[in-house]
Amino acid sequence: MTDSELCKLIQTDPEQGHKALYETYVKYVYAIIFRILREIGSPEDIEDCLVETFSDVILHLGSIEGGQYKSYIGQSARNRALNYYNVLRRQKEHL
């Protein structure tokens with residue numbers, strides 16, 4: 001599904017649009033997060049980061065210009081994973 005099709009679906013049926021957005025980009029987001037957290041995070045940390053990324057994206061769908069979801073989602077996943085990485089690294093240093 002293209003970004004323009006997703007944008008139309010989200011506008012007409014938000015629930016189905018959110019599901020389609022998730023299904024379209026879940027592997028892409030997982031790959032970004034996994035690449036950053038694989039050495040320090042557990043599978044649960046990666047899954048939490050994935051869920052939080054999509055929650056954040058869905059909350060900010062209106063601010064994504066022109067329905068350019070892929071770049072926004074990719075950057076959001078990267079930023080969220082880097083934040084997780086820093087938190088997990090600090091936690092491991094204290095242990």
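**Close-up 1. Arg-89 and Glu-93 pair up along helix α4.** Both residues sit in α4, 4 residues apart, or about one turn of the helix; helices here are DSSP runs (H or I, at least four residues), numbered from the N terminus. Arg-89 is partly exposed at 32% relative accessible area, while Glu-93 is exposed at 56%. For these labels, buried means under 20% relative accessible area, exposed over 50%, and partly exposed in between (1.4 Å probe, protein chains only). This is a predicted model, so local features need pLDDT of at least 70 and side-chain atom pairs count only at pLDDT 80 or more, though totals for chains, interfaces and linings use all residues. Residues are numbered from 1 along each chain as its sequence is written, and side-chain values use heavy atoms, with hydrogens and water left out.

**Close-up 2. Arg-80 reaches across to Glu-52.** The closest N and O atoms of this salt bridge are 3.3 Å apart. Arg-80 belongs to α4 and Glu-52 to α3, so the pair ties together parts that are 28 residues apart in sequence. Arg-80 is partly exposed at 23%, and so is Glu-52 at 33%.

Close-up 3. Lys-19 is partly exposed at 41%, whereas Glu-15 counts as exposed at 52%. The model's salt bridges come to 3.

**Close-up 4. Ser-76 is tucked away in α4.** This serine is buried, with a relative accessible area of 9%. Leaving aside neighbours within four places in sequence, Ser-76 is in contact (heavy atoms within 4.5 Å) with Thr-53, Asp-56 and Val-57.

**Close-up 5. The largest nonpolar core has 26 residues.** A nonpolar core is a set of buried Ala, Val, Leu, Ile, Met, Phe, Trp, Tyr and Cys residues joined through side-chain atoms within 4.5 Å. Leu-21, Tyr-25, Val-29, Ile-33, Leu-37 and Tyr-69 touch the most other members. Helices α1 (3–12), α2 (14–37), α3 (43–59) and α4 (69–94) each supply at least two residues, with the largest share, 9, coming from α2. Not counting residues up to four places away in sequence, Tyr-69 touches Leu-21 and Tyr-25, among others.

Terms used: Salt bridge = Lys/Arg side-chain N within 4 Å of Asp/Glu carboxyl O.
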